[in-house]
Every structure is written in C-alpha cells, then in structure tokens.
Amino acid sequence: MKLLIVNWHDWTHPQAGGAEIHLREIVARWSAWGHEVTLLCAGEGGKPREVHLLGARVLRAGHRKTFNWILPAAYRRLSRESFDLVIEDVNKIPLYLPLFAGRPVLGLVHHLFGTVAFLETNPVVASYVWLGERALPAAYRRTPLVAVSNSTREDLIDRGLPPENIEVVYGGIPLPPAGLDGRRAPWPSFVYLGRVKRYKHIELALQAFARILPEIPRARFTIAGYGDHGEGLEREAARLGIERQVSFQGRVDETEKWRLLASSWALLYTSPKEGWGLSSLEAQAAGTPVVASDSPGLRETVVPGRTGFLVPHGDVHALAERMRELAASPELVERLGAEGRAHAARFAWDASARRLLDVCERRLRWRRLEEDLAHASA
C-alpha cells in the first residue's frame, strides 16, 4: 500500500513522546514489509524539509506552533499523489483531516486531554485544546478510528463517537537488552520515567516518598525524563526536605533507561490519565513492579497483585503504603517482577504493526467496495 501518515511530530523532534515512539516502531515495520510510507509533520529548527527515516519519506511543514494552521495547504500540495489511505495520528490537538482530505481517512487515537489540559497549561491555551477536542464527534463521526487502549476507546464513546467505528489495537514495547537480571539496587529504590509535565502529577510520588523516608532512610527516588516541570518538582522536593534522597536525571538514553528500570524496586506512575502506559510496561519488561494510579490507560497495563499495584489517583497514603510493602519485602519485588516480565512479553511491536496494518487493509477494501457500488448505481 501507499500510505500517508499525518502527525504533529516525527520521532526525532525534541517534543516527541509516546505517540511518536509508536509511530517510529510502526513505520519502521511497514516500510520493511514493502509498503510505501510518507509522513507529513511539523518542521523544527534547521532540519531539512524532506528526509528519509527508517525507510519512510518524511516531509516537514511549518513548525510546532503553526502546523495545524498550514496543514490544509501542505496537504493540498500532496493531493496529486495517489495514496491508498491517509492516517491521522490523533494526539495533542486533532488536525481534522476528515474535513478536507478528500479521500478515506483512518484515525489513530492515542490520548485526549479533556479537562486535564487545565492542569498543564494556562487557561487560554487549555481552553483552546479543550475546545479543539469538543468538535471530535462532528468531524470524525464517519471516520474509522483505532484506539491504542480500551480506556481511549471508552473516552471516545463518552464523547459521542459511534462504538461500531472504534476498534482497539494495543501498542507494543521495546525489548530490553540481555543481562538485566541481578542489577537490583541493594536498598529500596524507586523511579519515575517519562515526561516531566505538570499534568503527570509526579509531586504525588514525591509526597508518598517523603512519608516512607523516616522509616526507610536509605531509600532513594530517581526522576528521569524531559519536560518543563523539573524545577517545580525540585522545589517540591526541597519543601518536603527530601532533596538529598531524590535524583533528577533529565533525559536519559536507552542504556541508562533500562539500567534505571532494572535496578529499581518499583516504578511510580501517578498520572490521572494516559493513552497507553508505555513506561509501565517497559518497567515490567525489565522485571520491575509498578505502583500506579488506577486511572485510564495505566489500569490496562498493571495486573494488580501480580505485576504491581493500582492505587486511587491522588491517594498519597495508599501510594506510600504500597511503597512500604515493597520496601519491606525483596521477595515480593522479585515475584512481581518475574510476573511482570511474562506479562510484558505479550506486547510485541511486530504483532501490533500487523494488527494495525490489517485494519488499514480492511479500510481499503471497504473503500474499493464503496467505489464499485457507486459505479454500479451510476
């Protein structure tokens, strides 16, 4: 097939996140399997406007702040190419391709902010994001959608989109390198790994860690990832008096990521809403239990009591109790870690890419059937 994917960023952009990791893994496989893939996305700095990455042609237009506004014009310049299917990667602010694409569109939906946007940014920008999502039912009602989790599917249905148009294809996770066994830290160590953003509510993990520290003075907590909320979290750690026991690593490379996950006693993830808990499954793949908020997206990645624990979002006391339980029992950490490895092994990128490709092929067959019926009736 000849496929056009439209997303805000490619996976090399500094603001790339889980949606772009998903995009990278899917595109790499589709290209390797012989499909012709073009990605249209926002430009950045002095990067070239056209480049080939992982076998795909990447076209960059505008930049992060203008991409949704200049997209119709950029898309029209490609309209002479005979793409079999257009895929909109729906994350951040919807791009509304079904309104102007002029050909079949498939929506791949990761995560919608809803009112969570007001936790992350100022009211003006948050209102812009919230209003942008409000038009989803009208713009995408007749568009087939793929959600990356049941939580995202339920969110779409709650917003008024028809259930029969939405199917779920889970994302995959990268395989950890060999030799991670036996790297557990000798003292209770906790980690957060992901975007360092206000809406992730990482301060809840800091507050829980502060509660257990008087009883477990050798405990440590590492926060790894990039984002604009690092200074706020450092101030919170200082306010709690735990700044000496908390390490802020910033962005880490793949080697350090897996080392951190494998050496920790638990990953702490206190976000109120995720499209798909990639970091949660990566921790389990590394043999590390997860203590996470019982929130959309995350609850689909943790098997309570088997690969980790879910706690009510915002309940610092419950979070601290689970951390104490793990800190008191290295045997429990290892048992949950072993089950986590087995659970995470179910999520392979090859299988995810093939299932998503099946959806594309079915959509293309329906399009051809509709065209044949239209010709016959004419």
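Are aspartate 10 and arginine 60 buried or exposed? Aspartate 10 is buried, and arginine 60 is buried as well; here buried stands for under 20% relative accessible area, exposed for over 50%, and partly exposed for values in between, with a 1.4 Å probe and protein chains only.

The model is predicted, so local features need pLDDT of at least 70 and side-chain atom pairs count only at pLDDT 80 or more, whereas totals for chains, interfaces and linings use all residues. Residues are numbered from 1 along each chain as its sequence is written, and side-chain values use heavy atoms, with hydrogens and water left out.

## Salt bridges

The structure holds 24 salt bridges, a salt bridge being a side-chain nitrogen of Lys or Arg within 4 Å of a carboxyl oxygen of Asp or Glu. Side chains of opposite charge can pair when their charged atoms come close. Three of these contacts are listed below, among them the pair of aspartate 10 and arginine 60.

| Pair | N to O distance |
|---|---|
| Aspartate 10 and arginine 60 | 2.9 Å |
| Arginine 57 and glutamate 81 | 2.8 Å |
| Arginine 362 and glutamate 167 | 3.1 Å |

Aspartate 10 and arginine 60 form a salt bridge. This pair links distant parts of the chain, 50 residues apart: aspartate 10 lies in the loop between β1 (2–6) and α1 (18–32), and arginine 60 in strand β4 (residues 56–63). Helices (H or I, at least four residues) and strands (E, at least two) are DSSP runs, numbered from the N terminus.

Arginine 57 forms a salt bridge with glutamate 81. Arginine 57 also belongs to strand β4, while glutamate 81 is in the loop between α2 (67–78) and β5 (85–91), 24 residues apart. Arginine 57 counts as buried because its relative accessibility is 18%; glutamate 81, at 23%, counts as partly exposed.

Arginine 362 pairs with glutamate 167. Helix α13 (residues 349–377) carries arginine 362 and strand β8 (residues 166–168) carries glutamate 167, 195 residues apart.

## Strand β10 and its neighbours

Strand β10 (residues 220–224) is mostly covered, with 4 of its 5 residues buried. Strand β9 (residues 189–193) pairs with β10 in the parallel sense over 5 bridges, where pairing requires that DSSP finds at least two bridges between two strands. Phenylalanine 221 in β10 is the bridge partner of phenylalanine 190. On the other pairing, β10 and strand β11 (residues 246–250) are parallel over 4 bridges, and phenylalanine 221 stands opposite valine 246 in β11.
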